[in-house]
Amino acid sequence: MSMHDFFVVFVTCLVTMLLCRCLPLFVLKGRQLPEGLARALGFIPPAAFAALVANDLLSPGMFDAGVWPAAMPLVAAAVVVVVARKTKSLLWCALAGCASYALLAFCFAPGAV
């Protein structure tokens, strides 16, 4: 790819990102969004986070090393869900997830730590 082609692609991507991300902020500044749209936009952060978590927990070759190495992250995630339902605290969820995964890896798969 030549520098000219790279520059064209770079500028096109830059302009597109600026238009898609910044233009709505300036156009909608000071305006109230309809309630349905505001509610729908509220689903975007949890959906994006769920997609990131699912991508880390589930993979096509997750059972290649065996059932238990594939199940350890799922068990740790289940612990996090229980802690999240009880405490509703991100800090406790992170601590419980790290601790449960480390404990599972230490006790049941010594080579995984």
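Helix α5 is followed by K88, whose phi is positive, near 55°. Helices here are DSSP runs of H or I with at least four residues, and strands are runs of E with at least two, numbered from the N terminus. The model is predicted: local features need pLDDT of at least 70, side-chain atom pairs count only at pLDDT 80 or more, and totals for chains, interfaces and linings use all residues. Residues are numbered from 1 along each chain as its sequence is written, and side-chain values use heavy atoms, with hydrogens and water left out.

**K88 and its loop**
- K88 lies in the loop between α5 and α6.
- Its positive phi of about 55° occurs although K88 is not a glycine.
- Most residues other than glycine have a negative phi.
- K88 is exposed, with a relative accessible area of 69%; exposed means over 50%, buried under 20%, and partly exposed in between, with a 1.4 Å probe and protein chains only.

**Helix α5**
- Helix α5 comprises the 21 residues 67-87, which at 1.5 Å a residue should span 30 Å; its end C-alpha atoms are 30 Å apart, which agrees.
- The expected span is 1.5 Å times one less than the number of residues in the helix.
- The buried residues of α5 are A70, A71, M72, A76 and V83.
- The cover over these buried residues includes α6 (90-108), where contact means heavy atoms within 4.5 Å.

**Helix α1 and C20**
- C20 is located in helix α1, residues 3-21.
- C20 is exposed, at a relative accessible area of 57%.
- Between the C-alpha atoms of C20 and S2, 18 residues apart along the chain, the separation is 27 Å.

**Overall fold and surface**
- The protein chain contains six helices and zero strands, in the sequence pattern α-α-α-α-α-α.
- The radius of gyration is 22 Å, well over the 13 Å that the globule rule gives for 113 residues, so the chain is more spread out than a compact globule.
- That radius is taken over C-alpha atoms, and the rule is 2.2 Å times the number of residues to the power 0.38.
- Along the principal axes, the C-alpha atoms fill a box of roughly 55 × 45 × 20 Å.
- Buried residues account for 12% of the 113 residues.
- Of the contacts between residues at least 6 apart in sequence, 36% join residues at least 24 apart.
- The chain exposes about 9300 Å², of which carbon and sulfur atoms supply 76%; areas come from the Shrake-Rupley method with a 1.4 Å probe.
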